[in-house]
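Let's take a walk through this fold, starting from the inside and working out to the helices. Keep the 3D view open as you read.

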Amino acid sequence: MYELEEKGYFYLLLVIPVLTLVFLYLLYWKRKKQREFGDLNLIEKLSPEKSTFKPIFKFIVVILGLVCLIIGLINPKMGTKLETVKREGIDIIFAIDVSKSMLAEDVAPNRLEKSKQLVSQIINKLGSDRIGIIAYSGSAFPVLPITTDYSVAKMFLQSMNPGIVSTQGTSIDEAINLATTFVDKKDKTNKLLIIISDGEDHSENAVTAAEEAKKVGLKIITVGVGTEKGGTIPLKRNGVVESFQRDQNNEVVITKRNAEVLSLIAKSTKGGYVDGNSTKDVLTYVKNALENIEKTEFESTQMADFKSQFQWFLGFGFFLLFLDMFLLEKKTKWVRKMNLFNEKE
């Protein structure tokens with residue numbers, strides 16, 4: 001098992017073929033100039049100590065030294081031992097309202113983007129808890145199943161928009177019912193559902209659904225985004241507002257936050273409601289809530305303990321470059337005595 005920490009340094013290896021081509025060209029150029037100067041056999045007799053192999057050997061040593069230095073910069077890591085890692089936490093399910101009313105801009109930049117920011121900030125504060133994501137409007141859709149991969153969760157989070165759920169409207173009960181399917185009755189890990197919404201609920205069954213969720217051990221925290229004064233729902237094309245959402249009477253729709261509904265839902269499971277317009281208040285409230293929920297060991301994995309091996313490559317690389325300083329282009333005496341290349345007459 002191994003991993004490479006700084007893969008960007010691989011591009012430095014491109015210098016090796018370039019240096020090789022330059023070296024070969026220099027050999028060719030020297031040979032050509034020697035032919036112009038005189039007979040090659042005569043030149044070799046005039047310089048009997050000069051080796052034809054040593055320059056090539058010196059170049060190979062330098063190249064190997066450079067390769068080792070580059071590999072050292074890449075910092076290969078190898079797994080030398082396995083250790084058991086125990087994780088303790090809870091399962092947190094985020095249910096995010098993606099109905100058209102969440103496009104209202106009574107909070108900046110709009111309610112939906114504010115909801116995404118809140119979830120992202122909460123995830124940043126988590127330790128070893130597992131998370132899942134649900135999107136809902138007229139129906140609910142599982143965006144991400146329970147996982148410990150926070151980076152993937154944030155990627156899916158940013159892709160959420162009103163078009164992700166085909167059925168329009170706002171049915172919070174659909175989100176709660178779907179969240180209960182995330183709960184494994186055999187799994188004793190504590191569960192928390194965090195609903196981020198403006199509170200508009202067209203189904204009127206949310207409280208009943210919350211009471212059923214409580215029976216399976218699901219606690220609910222609701223986060224309200226938007227204002228009681230409300231705002232219009234802009235209809236944009238390429239980022240430009242073309243018109244505003246209108247009702248059946250062709251009047252501009254004013255959507256308002258319904259904190260009362262969200263509070264009732266949370267109280268049904270002995271949870272709580274928090275104003276989502278203040279990121280600081282939300283983070284503080286969720287942090288306190290998590291501290292009061294018992295953590296459960298839910299996973300034991302075998303992980304490799306990777307250790308850096310760069311020092312070996314850097315050391316060997318510097319040794320080869322240092323060795324090159326003592327390698328002369330003259331023939332080695334004991335090799336010459338062996339007459340390996342039949343150079344004696």
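Start with the largest nonpolar core, which has 35 residues; among these, Phe94, Ile96 and Ile194 touch the most other members. A nonpolar core here is a set of buried Ala, Val, Leu, Ile, Met, Phe, Trp, Tyr and Cys residues joined through side-chain atoms within 4.5 Å, and buried means under 20% relative accessible area (exposed is over 50%, partly exposed in between, using a 1.4 Å probe and protein chains only). At least two residues of this core come from each of β3 (91–97), α4, β4 (130–136), β5 (140–147), α5 (150–158), β6 (191–197), β7 (218–224) and α9 (279–291). Those labels are DSSP runs numbered from the N terminus: helices are H or I with at least four residues, strands are E with at least two.

A word on the model: it is predicted, so local features need pLDDT of at least 70 and side-chain atom pairs count only at pLDDT 80 or more, while totals for chains, interfaces and linings use all residues. Residues are numbered from 1 along each chain as its sequence is written, and side-chain values use heavy atoms, with hydrogens and water left out.

Now zoom in on Ile194. Setting aside neighbours within four places in sequence, Ile194 is in contact (heavy atoms within 4.5 Å) with Ile92, Ile93, Phe94, Ala95, Ile221, Val223 and Val286. Apart from this core lies another one, of 21 residues, including Leu193, Ile195, Ala209 and Leu218.

Next, hop to Ser115, which sits in helix α4 (residues 111–125). Is Ser115 buried or exposed? Ser115 is buried, because its relative accessible area is 0%. Beyond its neighbours within four places in sequence, Ser115 contacts Ile96, Met102, Ile196 and Val225.

Helix α4 also packs on α5: their axes come within 10 Å and cross at roughly 175°. The two are therefore roughly antiparallel, a label for angles over 145 degrees, where under 35 is roughly parallel, 65 to 115 roughly perpendicular and the rest oblique. From α4, Lys116, Val119, Ser120, Ile123 and Asn124 make the contact, and from α5, Tyr150, Ala153, Lys154, Leu157 and Gln158.

Finally, look at α6 (residues 172–181) and α7 (residues 206–215), which pack at about 15° with axes 8 Å apart. These two helices are therefore roughly parallel. On the α6 side, Ile172, Asp173, Ile176, Asn177 and Thr180 meet Ala206, Ala209, Ala210 and Ala213 of α7.

Conventions:
Axes are lines fitted to C-alpha atoms, for helices over the stretch in contact, and angles run from 0 to 180 degrees between N-to-C directions.
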